[in-house]
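Grab a pencil and work through these exercises with the model open beside you. Try each task yourself before you read its solution.

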Amino acid sequence: MTEKKKNLSEFKPFEFSSASKKKIGIVVSEWNDRITDSLLKGAEECLLEHGVPQENILVKHVPGSFELPMGAQWMLKEAFVDAVICIGCVIQGETRHFDFISQAVADGIMNVGLKFSKPVIFSVLTCNTMEQAEDRAGGKHGNKGVEGAVTALKMLELSHDLG
């Protein structure tokens, strides 16, 4: 039986051979900014630790998570980045708005990645409570921003290995 991970930011150490040559975009939702700022910090620190130069990390903000796919698409088209990490946080409310937004964001992010054939990473928390979001933005379950950065680098390495 597989053991359930408690800290999402734990990963096997890896080396990324060409990180210093990669340009990584990060699109961040302004909504729930206390959470998204922490996720952004985790992603940036992880990219730097793995050799991506600060000047090769492009950060842009959008109003909410719903705008993340469009921001990622514009970034890929206009900024010519190698990968985009989409950072957001949607918290369940009293209406079905949560369901519609979460599904639209997930589908949109996936579609942008497929359209451009580049990694577009889903680092969007979809939580029932603010406490759950805090636990995943540097709390007891790690930092989903770190996980997004690791995923972007691993996908770029896979592309490099296959190309």
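**Exercise 1: Around Asn56**

Task: find what Asn56 touches, leaving out residues up to four places away in sequence.

Solution. Step one: look for contacts, meaning heavy atoms within 4.5 Å. Not counting residues up to four places away in sequence, Asn56 touches Ser20, Lys21, Lys22, Lys23 and Ile24. Helices here are DSSP runs of H or I with at least four residues, strands are runs of E with at least two, and both are numbered from the N terminus. Step three: check the cover. Buried means under 20% relative accessible area, exposed means over 50%, and partly exposed lies in between, using a 1.4 Å probe and protein chains only. Asn56 has 17% relative accessibility, so it counts as buried.

Two notes before you go on. This is a predicted model, where local features need pLDDT of at least 70 and side-chain atom pairs count only at pLDDT 80 or more, while totals for chains, interfaces and linings use all residues. Residues are numbered from 1 along each chain as its sequence is written, and side-chain values use heavy atoms, with hydrogens and water left out.

**Exercise 2: The sheet**

Task: work out the order of the four strands in the open sheet.

Solution. Step one: know the rule, which is that two strands pair if DSSP finds at least two bridges between them. Step two: follow the bridges. β1 and β3 run parallel and are joined by five bridges, with Val28 standing opposite Ile87 in β3. Eight bridges then link β3 (residues 83-91) to β4, again parallel. Along that pairing, Gly88 has Val124 as its bridge partner in β4, and Cys89 stands opposite Leu125. Step three: write down the order, β2-β1-β3-β4, with parallel pairing. Step four: check the edges. β2 (57-62) and β4 (120-127) each have a single partner strand, so one side of each is left without a neighbour in the sheet.

And β3? Eight of its nine residues are buried.

**Exercise 3: Helices on the sheet**

Solution. Step two: turn to α5 (residues 144-162), which lies across β1 (24-29), β3 and β4, at about 155 degrees to β4.

**Exercise 4: The core**

Task: which residues of the largest nonpolar core touch the most other members?

Solution. Step one: define the thing. A nonpolar core is a set of buried Ala, Val, Leu, Ile, Met, Phe, Trp, Tyr and Cys residues joined through side-chain atoms within 4.5 Å. Step two: go through the 28 members, where Ile26, Leu47, Ile85, Ile87 and Leu125 touch the most others. Step three: see where the core comes from; β1, α1 (33-49), β3, β4 and α5 each give two or more residues. Step four: zoom in on Leu47. Apart from neighbours within four places in sequence, its contacts are Ile24, Ile26, Val52, Ile57, Ile85, Ala149 and Leu153. Step five: spot the second, separate core of 18 residues, which includes Val27, Val81, Val105 and Val120.

Note on methods: Axes fitted to C-alpha atoms, helices over the stretch in contact; angles between N-to-C directions.
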